[in-house]
Amino acid sequence: MQSGLAPPRHISLQLQLPTGPISLPALSLSLSLLRSQFPSFFPCATVGVTKHKSAVMDDPKAPTFAASDRKKRPGANKYVLLCTILASTNSILLGYDIGVMSGAVILIKEDLGITDVQVQFLVGILNVCSLVGSLASGKTSDLIGRRYTIVVAAATFLIGALLMGLAPSYPYLMAGRVVAGVGVGYSLMIAPLYTAEIAPASVRGMLTSLPEFFIVAGILLGYVCNYALAGLPERLNWRLMLGIAAVPAVGLGSSIFFMPESPRWLVMKDRNEEAKRVLLKTSSDEEEAESRLQEITQAARDDANLASSKGRSGQAVWREFLHPSPALRRILITAIGMNFFMQASGNDAVIYYTPEVFRAAGIHNKKKLFGINVIMGCTKAAFVMVSALFLDRFGRRPLLLLGSVGMACSLAALGLGSKFLEHAGSKPTWAVVVSIVAVCADVSFFSIGLGPITWVYSSEVFPLRLRAQGTALAISVNRLTSGAVSMSFLSISHRITFGGMFFILCGVMVVASLFFYFFLPETKGKTLEEIGAVFEDKRDEGDDPKAREMTQL
């Protein structure tokens with residue numbers, strides 16, 4: 001295991017909000033990284049790269065390195081990028097709900113006259129019901145395929161959004177949240193799973209983190225809708241905020257016409273010719289496509305043989321989770337633990353209830369409250385892109401540890417600021433500013449580490465025959481924890497104050513940092529078929545890797 005952090009150096013990222021630009025150094029750095037991963041989108045950049053390669057090839061010491069590097073890191077084409085973007089946009093549904101509900105609950109509370117307990121249930125019920133969608137999505141995607149599961153997710157959320165937008169009363173609104181929650185559960189599981197199965201290993205980290213980027217984009221979109229629609233009549237503003245979510249759901253359901261099926265699912269169904277056609281489109285050349293097909297086919301064959309030898313079929317996957325091998329036990333601990341800490345960090349609750357926190361700090365103007373949300377959303381969007389661009393360069397562990405330690409420090413600062421404001425009669429401006437900066441820092445560190453890397457890790461660590469239902473299990477823990485935190489955040493905060501709640505979340509992140517350091521191995525640059533060896537007994541790590549393949553599961 002790696003023990004040290006390797007944070008990126010010399011990164012200048014300045015964000016002047018709400019209208020200022022991102023700084024040119026950060027923009028040029030991001031652009032250069034995108035050019036290196038997707039040269040077909042930036043033909044003008046290939047000249048410099050070609051010259052550099054020629055210079056390297058002229059050096060007699062260089063050819064071996066250049067050839068091995070090319071073999072280890074095949075490029076990703078724009079077709080892969082298009083497919084992963086279309087799949088990842090499913091996550092915008094959850095992001096929009098998180099963002100828009102943070103402001104809409106204030107308006108709903110005033111319009112319908114509901115209590116704080118009812119507000120907590122209204123917010124948290126979507127996350128609890130997404131547990132149902134997450135659990136069902138594994139079996140569904142194994143039966144009907146990854147593409148059509150995306151349609152199920154979008155259609156379910158569409159129905160929920162319409163129910164919420166047309167709700168005449170609190171019970172109807174709750175019914176809409178229940179249905180939308182099932183759709184969110186489906187979308188959260190299928191987006192990273194599909195992306196992980198279609199992306200080459202060299203860029204899988206960046207592409208599989210795109211769902212988190214679209215969650216953040218959805219949150220920012222929700223914040224902007226809050227800000228723009230808050231001035232409408234009381235009975236119209238929040239209904240329009242919630243009902244607008246039906247529009248992206250229609251577009252997402254239509255996107256499957258441009259997407260191929262997952263090649264790994266096709267191999268599972270013995271449709272190898274179709275899988276090869278997909279791999280030819282998503283690989284840099286035919287040789288790479290053949291190599292990937294052989295790896296996938298061999299892994300599927302070994303999985304089937306192992307299941308047959310143990311008397312287990314696809315119908316008994318959950319029995320295998322209850323009686324796991326040592327390697328599978330390690331996978332379950334890491335995947336479930338990461339998803340638990342992602343939501344136990346309180347990130348969703350902080351976003352949902354930020355307006356309530358700052359109302360307690362003395363800011364009562366709705367436009368100002370929603371403006372703070374927009375600032376926070378812009379900050380998240382900037383840093384999630386930083387994480388995505390560096391994930392395949394520095395690896396999962398360094399960014400995850402940087403993010404979790406940063407969250408612990410930010411939550412400690414937020415707790416101190418909140419405690420000061422609770423006991424200060426005049427509510428000084430500097431203390432409010434410190435609290436706003438601490439909130440932005442907390443969500444930024446989340447966007448660097450836990451936010452994107454949880455989706456990446458959950459979708460890549462399970463072996464093929466267990467991947468869909470294993471990912472579904474991990475994300476179900478994610479949604480259950482999110483629901484529990486969201487439905488109790490206000491009640492606990494009213495008992496121990498917001499400052500006390502933030503100190504508890506700080507303690508959770510300290511424990512999370514230790515968990516990540518000791519239990520999560522690095523998976524950067526490995527194919528999905530190779531990752532299983534990482535979870536074998538560490539005493540055997542120096543031995544022949546072929547002796548430690550996932551077939552030992």
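Reader: Which residues does F502 touch, not counting residues up to four places away in sequence?

Author: In this predicted model, F502 touches V350, V357, L411, L414, G415, S418 and F489 once residues up to four places away in sequence are left out, where contact means heavy atoms within 4.5 Å. Residues are numbered from 1 along each chain as its sequence is written, and side-chain values use heavy atoms, with hydrogens and water left out. Because the model is predicted, local features need pLDDT of at least 70 and side-chain atom pairs count only at pLDDT 80 or more, while totals for chains, interfaces and linings use all residues.

Reader: What makes the largest nonpolar core a core, and which residues have the most contacts inside it?

Author: A nonpolar core is a set of buried Ala, Val, Leu, Ile, Met, Phe, Trp, Tyr and Cys residues joined through side-chain atoms within 4.5 Å, and the largest such set here has 125 residues, those with the most contacts inside it being M101, L450, F502 and F516. Helix α23 (residues 464–519) gives the most to this core, with 18 residues; helices are DSSP runs of H or I with at least four residues, numbered from the N terminus. A second, separate core of eleven residues includes L266, V267, A275 and L293.

Reader: Why is L293 called buried?

Author: Buried means under 20% relative accessible area, exposed over 50%, and partly exposed in between, with a 1.4 Å probe and protein chains only; L293 has a relative accessible area of 11%, so L293 counts as buried. This residue lies in helix α15 (residues 286–309), and L293 touches V267, N272, A275, K276 and L279, not counting residues up to four places away in sequence.

Reader: What makes D142, R146, E197 and R467 one network?

Author: R146 forms a salt bridge with E197, the closest N and O atoms being 3.0 Å apart, and this pair links distant parts of the chain, with R146 in helix α7 (residues 146–165) and E197 in helix α8 (residues 170–198), 51 residues apart. The side chains of D142 and R146 also meet in a salt bridge, at 3.0 Å from N to O. Salt bridges that share partners join D142, R146, E197 and R467 into one network. As for burial, D142 has a relative accessible area of 12% and so is buried, while R146 counts as buried at 0% and E197 is likewise buried at 0%.

Reader: Why is N127 called buried, and which residues is N127 in contact with, leaving aside its neighbours within four places in sequence?

Author: N127 counts as buried because its relative accessibility is 0%. This residue lies in helix α6 (residues 116–144), and, with its neighbours within four places in sequence set aside, N127 is in contact with L94, Y352, R479, S482, G483 and S486.

Note on methods:
A salt bridge is a side-chain nitrogen of Lys or Arg within 4 Å of a carboxyl oxygen of Asp or Glu. Helices (H or I, at least four residues) and strands (E, at least two) are DSSP runs, numbered from the N terminus.
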